[in-house]
Amino acid sequence: EVPAADPGRDETTASGDDRVISRQVLVHALATLPARQREAVVLCHVFDHSTADAAEMLKCSPAAIRSLCDRGLRALRAQLTEEDSHA
């Protein structure tokens, strides 16, 4: 028998050190976003708040949160993809 992969474990990293580096890269990438985009992305995608909850916390509309998250995530993807191509 072969044990199934642990769904909570990231199979793409070889060690705990790699996860720390990845977290550092993500934190650095988040720091490059404008404050409102960063706040929206962190609330919705890190802390898993709903769009409505994030909108209430940031005192804006849910549509504004969706827009901020969309722009922030696109910027993060572009930045992280660029960093991967230089590594």
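Tutor: Q37 is buried, with a relative accessible area of 11%, where buried means under 20% relative accessible area, exposed over 50% and partly exposed in between (1.4 Å probe, protein chains only). The place of Q37 is in helix α2; helices (H or I, at least four residues) and strands (E, at least two) are DSSP runs, numbered from the N terminus. The model is predicted: local features need pLDDT of at least 70, side-chain atom pairs count only at pLDDT 80 or more, and totals for chains, interfaces and linings use all residues. Residues are numbered from 1 along each chain as its sequence is written, and side-chain values use heavy atoms, with hydrogens and water left out.

Leaving aside neighbours within four places in sequence, Q37 is in contact (heavy atoms within 4.5 Å) with L68, R71 and G72. After α2 comes D48, whose phi is positive, near 60°.

The setting of the helix is as follows. The protein has four helices and zero strands, and from the N terminus on its elements run α-α-α-α. Buried residues account for 22% of its 87 residues. Of the contacts between residues at least 6 apart in sequence, 52% join residues at least 24 apart.

Two packed helices are described by the angle between their axes and the distance between the axes. Here axes are lines fitted to C-alpha atoms, for helices over the stretch in contact, and angles run from 0 to 180 degrees between N-to-C directions. α2 and α4 pack at an angle of about 95°, their axes 8 Å apart. They are therefore roughly perpendicular to each other; angles under 35 degrees count as roughly parallel, over 145 as roughly antiparallel, 65 to 115 as roughly perpendicular and the rest as oblique. On the α2 side the contact involves R36, Q37, A40, V41, C44 and H45, which meet I65, L68, C69, R71, G72, L73 and L76 in α4. By class, this contact of α2 with α4 has eight nonpolar, three polar and two charged residues (Ala, Val, Leu, Ile, Met, Phe, Trp, Tyr, Cys and Pro count as nonpolar, Asp, Glu, Lys and Arg as charged, and the others, Gly among them, as polar).

Helix α2 (residues 35-46) also packs with α3 (residues 51-58), at an angle of about 140° and with axes 9 Å apart. That makes α2 oblique to α3. In this contact R36, E39, A40, L43 and C44 of α2 meet T51, A54, M57 and L58 of α3. These residues divide into six nonpolar, one polar and two charged.

The largest nonpolar core has nine residues: A40, L43, C44, A54, A55, L58, I65, L68 and C69. Such a core is a set of buried Ala, Val, Leu, Ile, Met, Phe, Trp, Tyr and Cys residues joined through side-chain atoms within 4.5 Å. The elements giving two or more residues to this core are α2, α3 and α4 (62-86). A second, separate core of six residues includes L30, L33, V42 and L76. L76 is found in helix α4 and is buried, with a relative accessible area of 7%. Not counting residues up to four places away in sequence, L76 touches A29, L30, L33 and V41. The C-alpha atoms of L76 and L33, 43 residues apart along the chain, are separated by 8.0 Å.
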